[in-house]
Amino acid sequence: MSESIVLEDPLRAAPARQVEKRVFIKSFGCQMNVYDAERMADIAAEEGFREARAVEDADLIVLNTCHIRERASEKIYSELGKLRELKDERRRAGQGTTLVVAGCLAQAEGVEILRRQPAVDVVVGPQSFHRLPELLREARLGPVVAADFPAEGKFVHLPAAAPEAIARRGVSAFVTVQEGCDKFCSFCVVPYTRGAEVSRSVGAVIDEIARLAAGGVREITLLGQNVNAYHGQGEDGRAVGLAGLIRAVSAVPGIARVRYATSHPGDMSDDLIEAHRDVEALAPSMHLPVQSGSDRVLRAMNRRHRAADYLDTVARVRAARPDIAFSSDFIVGYPGETDADFEATLELVRAVGFASAYAFKYSARPGTPAADAPRQIDAATKERRLARLQALIEEQLQAFNRATVGRRFEVLFEKPGRREGQLIGRSPYMQAVFADAPTSLIGVMAEVEIVGVEPHSLRGRVVSPAS
Ligand code: 5AD
Ligand code: SF4
């Protein structure tokens, strides 16, 4: 076997030559992709890969991709173009590189990715990445595509994170508890890229969180495309909803704060609302996408709720937890959206008062019903509506931040800040908070008084380490 062939194949190279193999994983898109990327890093670690500091040093490069809007997909193809050049350069230097495209673009476009970028070795969808070791071996013989929805979920096959990997991830961790979506909003690719709704069992989730907590994690964000539709199997075999899961997670020793994302307004059950009243560790913030304030548009989007239902849900949650902060997602320029529809969206934003929100221009996604809908909105109108909505959201965000000055919060410190002697953490509302504090407070919930507002963060003063 020539040396160059050994190096072509990083999986085989290490045992024979003790060459240190390096992996570089880059994630795009949502928090679930961040979580998946961590699990892929765990798989790579088991296969003997260490993390590469820079992409140029990596024998294995994984792009964990997003497909939600057209721009997200195009960004990935341009990134792949650059990686092809890097791969060529490394080959000239006698180094092999395996290039993997994972995530939702992989699922949606499959073999098309190989056609557009032949430098890609492996295309693997979000439900199949536990097969990475075998796919990398198959890729020695030529490019491979794995974009099926296997009957058995991937979670049972994933290796547990090593303690060093947990420590590197810090004090706040994501844990996917539910995947896929059965809602079929007419603009959205998720039901096609992530498949039908599947929930992990309570036992599996609690085991993973107990390991994270033992490794120093204090805050857990439970993730799912439709997380409040969670219905995992409980210890007694019966289905448990998200409220039950939250109660179980908050009882894990070491876990001080629990969040969840993303929810659908139609699945905001009474017991979940009660959990916001009763469970101390459950953070008083909720990401509840509404997409539009117009009933006509909501109907066309197949959202299955009206604007008034959303406002009613917000009121019910606020009655249970008055200090809760809402955030949301909006789409402007959905096919057929009139000026009056858009005004209804602004009206809803004013009525709720959001702590933050994301607004997107509608992007037609191939294969979704809305992509072929008549009366697509022109780019200039979308741009104008986006600017107006974003200005209103920004105004509300600044008002929310200003209102926190003088209040005392529990801040979970995560890491050193930019300045010497400073730490950065998050408020219960997800705001970044800077304060002078010793590094011994990393991983500690401290009581902090907010003393000032910066454009993207708050300044705080530690009153006392709380727990
Ligand atoms: N165009 C624009 N935004 C979209 N989103 C989902 N699909 C599209 C699309 N086709 C937005 C929704 C969703 C968020 C994650 O992305 O607002 O809540
Ligand atoms: Fe997409 Fe969310 Fe609608 Fe599911 S509920 S189809 S993930 S926008």
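This is a predicted model: local features need pLDDT of at least 70, side-chain atom pairs count only at pLDDT 80 or more; totals for chains, interfaces and linings use all residues.
Residues are numbered from 1 along each chain as its sequence is written, chains are lettered from A and ligands numbered from 1 in the order in which they are written, and side-chain values use heavy atoms, with hydrogens and water left out.

The C-alpha atoms fill a box of roughly 70 × 60 × 50 Å along the principal axes, and the chain exposes about 20600 Å², of which carbon and sulfur atoms supply 51%; accessible areas come from the Shrake-Rupley method with a 1.4 Å probe, and for residues only the protein chains shown count as cover. Of the 467 residues, 54% count as buried, where buried means under 20% relative accessible area, exposed over 50%, and partly exposed in between.

Next, select ligand 1 and the residues around it, taking a residue as near when one of its heavy atoms lies within 4 Å. The shell consists of I68, R69, F187, Q291, D329, I331, F360, K361, Y362, S363 and R365, and strands β15 (325–332) and β16 (356–361) each supply at least two of its residues. By class there are five nonpolar, two polar and four charged residues, with Ala, Val, Leu, Ile, Met, Phe, Trp, Tyr, Cys and Pro counted as nonpolar, Asp, Glu, Lys and Arg as charged, and the others, Gly among them, as polar.

Now show the polar contacts of this ligand, that is, pairs of N or O atoms within 3.5 Å; within protein, one atom must be able to donate a hydrogen and the other to accept it, and residues adjacent in sequence count only if both atoms are side-chain atoms. An oxygen atom of ligand 1 is 2.6 Å from a side-chain N or O atom of Q291, a nitrogen atom of the ligand lies 3.0 Å from a backbone N or O atom of F187, and a ligand nitrogen is 2.8 Å from a polar backbone atom of S363. Taken alone, ligand 1 exposes 400 Å², and the protein buries 86% of that.

Move on to ligand 2, around which you will find C181, K183, F184, C185, F187, C188, V190, P191, N226, H264 and R303. This shell divides into seven nonpolar, two polar and two charged residues.

Then select T65 in strand β3 (residues 60–65), a buried residue with a relative accessible area of 0%. A polar atom of the T65 side chain lies 2.6 Å from the backbone oxygen of A102. Beyond neighbours within four places in sequence, T65 is in contact (heavy atoms within 4.5 Å) with residues including F28, N33, I76 and A102.

Finish with D372, found in the loop between β16 and α16 (379–403), which is exposed at a relative accessible area of 70%. The C-alpha atoms of D372 and P335, 37 residues apart along the chain, are separated by 9.2 Å.

Definitions and conventions
Helices (H or I, at least four residues) and strands (E, at least two) are DSSP runs, numbered from the N terminus. Buried means under 20% relative accessible area, exposed over 50%, partly exposed in between (1.4 Å probe, protein chains only).
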